[in-house]
Amino acid sequence: MENLNLILPEVFISLSIMFLLILGVFIKNSSKLIFNASLLILLITSVITLNETFTINRITLFKNSLVIDYMASLMKIITLLAAFLALVISSNYLKTFKIFKIEYPILILSSVLGMMVMISSNDLMVFYMGLELQSLALYVLTTFNRDQLKSSEAGLKYFVLSALSSGLLLYGCSLIYGFSGSTNFDIISSQLNSNEYVLTFGIVFILVGLAFKISAVPFHMWAPDVYEGSPTSVTLFFTMVPKIAALTVFIRFLYVPFLNLIDQWQMIIIFLSIASMLFGAIAAIGQTNIKRLIAYSSIGHIGYTLAGLATGSNEGIQSSIIYILIYIIMNLALFSCLLMLRRNNQYYEEIDDLSGLSKNHPLLSLSLLVILFSLAGIPPLAGFFAKFYIFKGVIEQSMYFLAITGLLSTVIAAFYYLRIIKIIYFDKEKEKYDDDHSLWLKFSLTFSTILILLYFIFPGQLINVVSRINII
Amino acid sequence: MNFPILSSLILLPTVGALFLFFTKDKDGNNLTAKYVSLFTSIANFLISIYLWFSFDQTTSSFQFIEERTWIEGFINYKLGVDGISILFIILTAFITPLCIISVNNSIKIRLRDFLIAILIMESFMIGVFCALDLVVFYLFFEAGLIPMFLIIGIWGGPKRVYSAFKFFLYTLLGSVLMLVAIISIYWISGTTDVIKLYDLGIDAKYQNLLWLAFFSSFAVKTPMWPVHTWLPDAHVEAPTAGSVLLAAILLKMAGYGFIRFSLGLFPVASEVFTPLIYTLSVIAIIVTSLIALMQVDMKKLIAYSSVAHMGFVTLGIFTIQQQGIEGSIIQMISHGLVSAALFLCVGVVYDRMHSRLIGSYGGIVTIIPKYSILFMLFTLAALGLPGTSGFIGEFLILMAVFKDNFLVAVIASLGVILGAAYMLWLYKRVVFGKLINSDLKKMVDLDRSEYFILTCLAIPTLFFGFYPDPLINTMEVSVNNLIDMYNLNLIKK
């Protein structure tokens with residue numbers, strides 16, 4: 001029991017959730033209190049995680065069903081901080097839509113708890129438990145603006161499709177269990193050898209389930225509708241937070257139990273990667289809604305992340321993690337801009353609403369310019385370095401086809417990013433938007449934009465952070 | 001470590017731009033912005049002149065080297081100049097202040113932002129010529145797209161959106177393959193440091209593909225036939241200062257890249273692909289000259305003539321002889337001066353009459369004589385009249401080509417004649433002839449700033465035409481060394 005402090009973050013966050021629920025029942029009009037308390041809890045949990053587990057190289061708990069290692073600690077901290085930022089900048093939005101309720105932050109917290117369990121899981125059962133906890137919370141969050149038809153539709157769609165994918169995932173897990181006799185990753189890894197081709201079925205089912213969760217093509221159909229339909233604050237959460245956990249699980253699945261079967265899953269990942277990169281780039285061209293466009297662009301970006309995973313090397317994994325980190329920062333910036341497009345208590349989310357923004361809001365447009373060029377991967381912005389590391393890893397393994405397809409799809413993707421820039425800078429201006437934004441929103445936009453802009457000065461720092469991750 | 005003069009050359013314009021960013025933006029006559037940017041760019045030019053004077057012409061090795069760890073164990077931020085790159089740095093630093101002076105009449109909206117874009121552009125362009133690490137080079141090379149895209153898109157003509165997109169996507173498409181090649185070089189040789197790569201050489205079996213990847217980027221940027229089609233569009237739509245930067249410096253990046261990387265790193269492949277370059281260059285010279293003859297838009301005509309001139313440059317580079325490469329470099333410098341001046345000349349009449357069509361002019365020689373004289377000077381320089389810098393370049397290139405391949409040389413010489421044809425015909429139609437359009441009578445001659453800019457460009461054009469020694473002395477040792485290294489590496493493999 002002396003290791004209990006290692007799961008202190010999870011324990012703390014679950015106790016807090018229960019406490020906040022009780023608080024919400026007994027105190028009237030406590031939504032502001034709970035909102036702030038949740039923010040505090042997220043910060044405290046990340047500090048606890050940093051304190052208790054950051055120095056640990058690798059320890060397994062509860063009969064090897066949980067693993068605490070550097071990657072887990074790092075990803076948990078990032079998840080917590082990303083959730084904090086996603087929550088803190090959306091308070092005004094929630095108030096405008098009158099969904100500033102006690103359930104909202106609590107659901108976010110429970111979803112984060114689920115992700116933390118996922119990140120640490122070393123067992124199929126534990127993993128599935130975490131996954132379902134975060135998904136259930138997300139279903140509710142998607143429909144949170146229940147008076148809006150689109151929100152309900154998005155939630156239902158997400159629920160049905162996600163349940164289907166969870167079913168596939170479970171089926172895959174049961175197949176794996178049937179062949180290896182255990183649900184523990186380490187044991188599965190030692191039981192499997194590459195001769196058993198039947199196992200491929202199990203792996204394929206699990207990968208399909210996971211690909212659905214990160215919305216990789218061809219399992220992406222839910223993403224655009226859900227992104228568009230959900231409240232913007234939830235979309236923001238969707239693009240930033242669950243991807244971290246899903247990526248960690250992806251890495252663990254591929255590189256702990258199934259490392260020996262790399263020949264079998266590598267082709268699948270490469271296919272997912274190429275399909276996502278190309279499809280994301282091409283499908284985004286015709287979009288008119290910014291949130292939908294972000295959905296397609298996130299599909300594309302997931303493709304690049306998967307390209308890093310396909311390499312089967314530590315460099316590749318590290319580059320994927322760097323990519324997702326930079327992507328999160330870019331998304332934070334992008335959504336901060338989106339949340340600033342408010343006029344008379346109405347939010348605007350069509351691309352045409354950006355028309356001529358540079359005339360009335362020069363600073364906001366400049367940030368958008370930086371963010372969009374960064375998303376397109378143009379040097380010297382952070383987005384370029386993210387892609388650069390990925391392709392460095394990919395080319396190391398001589399996967400030239402993947403590298404060239406990926407880079408060509410960045411050119412296609414550049415087109416739709418440029419289109420937004422064109423609308424902002426070259427087109428006729430519209431009415432002015434409101435300027436009275438919350439301090440946090442301004443802070444997050446300034447902070448993330450400067451980070452993107454000046455990343456090139458110290459690109460080594462991020463590498464140092466992730467270079468301790470050695471899964472293989 | 002000495003004073004980091006190259007870094008300061010790169011950083012100074014950015015600092016100026018940053019300063020401008022914090023000043024108030026107002027439309028109309030924004031004098032603060034103008035003076036700040038002018039001051040920064042002139043200071044930069046003075047530094048570059050200082051660089052030229054303290055440059056040691058007797059050694060072929062890189063000078064003023066700066067090296068810092070950038071990404072641990074992977075990329076070093078490494079800068080340095082040799083006799084080839086220093087000339088381009090000076091050209092960049094020389095052209096930029098002239099561009100800034102020229103915005104007086106042509107830019108009506110958001111002057112401050114325009115000057116910021118120009119200054120940042122200058123930083124990136126100087127960075128390209130200083131970089132001694134492939135990744136650093138790529139960074140600067142690509143980063144230049146952003147300000148140029150905005151310059152064309154915000155301040156351009158009616159079809160600016162189309163042109164800006166075409167410019168951006170064409171160049172990006174060419175460059176991504178170069179990125180693949182750069183990363184591959186890292187894995188093949190373990191470094192992206194250009195000096196080390198010169199010593200190590202790259203395994204011959206990879207060279208062909210790598211060469212092609214670099215070629216795809218440089219060919220678009222040069223631009224070579226048949227991927228030149230973005231250039232006329234970009235030139236026509238860009239504001240005058242943008243066209244000047246594009247023609248005078250951006251195009252030279254590719255020529256410089258051919259010399260520094262294609263020849264320096266991949267000698268075996270360069271040998272293999274020389275016929276390809278010859279063919280494309282000759283086609284470019286003849287075809288685009290013929291196209292230029294048929295243009296009705298002055299800017300478009302000059303844009304096509306740029307393609308033809310760059311055809312001479314690539315031809316000269318791949319003769320891989322002392323004369324050829326030196327000729328190419330002089331041709332690039334000269335084209336930088338002359339095409340900049342020609343675009344400015346078009347800008348002058350455009351600001352007055354708002355038309356670029358050749359047909360709407362004619363007989364203006366009596367109305368604006370000063371302009372006509374200077375325009376004539378640059379027309380003659382563009383067609384390579386002896387006594388102008390254009391002649392030295394073309395002459396050296398053709399001499400080298402004659403030694404190498406008689407047929408190519410004959411066809412290329414034909415291009416010189418065509419060049420004379422379209423330039424003189426342009427001049428005749430615009431300046432001489434009958435005065436039909438009576439609106440032209442209201443035109444006023446060059447104002448002080450225009451006169452100053454064109455004179456500034458005319459002086460070096462004539463000076464280097466009569467006395468090219470300063471240029472040749474600066475680059476001679478470096479070019480020699482490049483050719484020696486090329487031949488050595490060729491034998492080794």
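Author: Chain B contains 19 helices and two strands. Here helices (H or I, at least four residues) and strands (E, at least two) are DSSP runs, numbered from the N terminus. The model is predicted, and local features need pLDDT of at least 70, side-chain atom pairs count only at pLDDT 80 or more, while totals for chains, interfaces and linings use all residues. Residues are numbered from 1 along each chain as its sequence is written, and chains are lettered from A and ligands numbered from 1 in the order in which they are written.

The radius of gyration of chain B is 21 Å, close to the 23 Å that the globule rule gives for 493 residues, so chain B is as compact as a globular protein of that length. That radius is taken over C-alpha atoms, and the rule is 2.2 Å times the number of residues to the power 0.38. Along the principal axes, the C-alpha atoms of chain B fill a box of roughly 70 × 55 × 40 Å.

Of the 493 residues in chain B, 58% are buried. A residue is buried if 20 or more other C-beta atoms, placed from the backbone, lie within 10 Å of its own, exposed if 12 or fewer, and partly exposed in between. Two residues are in contact if their C-beta atoms, placed from the backbone, lie within 7 Å. Among contacts in chain B between residues at least 6 apart in sequence, 80% join residues at least 24 apart.

Helix α10 of chain B, residues 230–237, is mostly covered, with eight of its eight residues buried. They are Trp230(B), Leu231(B), Pro232(B), Asp233(B), Ala234(B), His235(B), Val236(B) and Glu237(B). The partners against which these buried residues pack are α6 (145–155), α7 (160–189), α11 (240–265) and α13 (298–317) of chain B.

Leu31(B) counts as exposed because it has 9 C-beta neighbours inside 10 Å. Between the C-alpha atoms of Leu31(B) and Ile358(B), which are 327 residues apart along the chain, the separation is 34 Å.

Two of its strands, β1 (residues 58–61) and β2 (residues 66–69) of chain A, pair in the antiparallel sense over four bridges; strands pair if DSSP finds at least two bridges between them. Within this pair, Leu61(A) stands opposite Leu66(A) in β2(A). The two strands form a hairpin with four residues between them, and Phe62(A) in the turn has a positive phi of about 50°.

Finally, the two chains meet in a contact that takes 23 residues from chain A and 25 residues from chain B. On the side of chain A that touches chain B, the elements giving two or more residues are α18 (382–396), α19 (400–426) and α21 (460–466) of chain A. The most comes from α19(A), with twelve residues. By class, this side of chain A has 18 nonpolar, two polar and three charged residues. Ala, Val, Leu, Ile, Met, Phe, Trp, Tyr, Cys and Pro count as nonpolar, Asp, Glu, Lys and Arg as charged, and the others, Gly among them, as polar.
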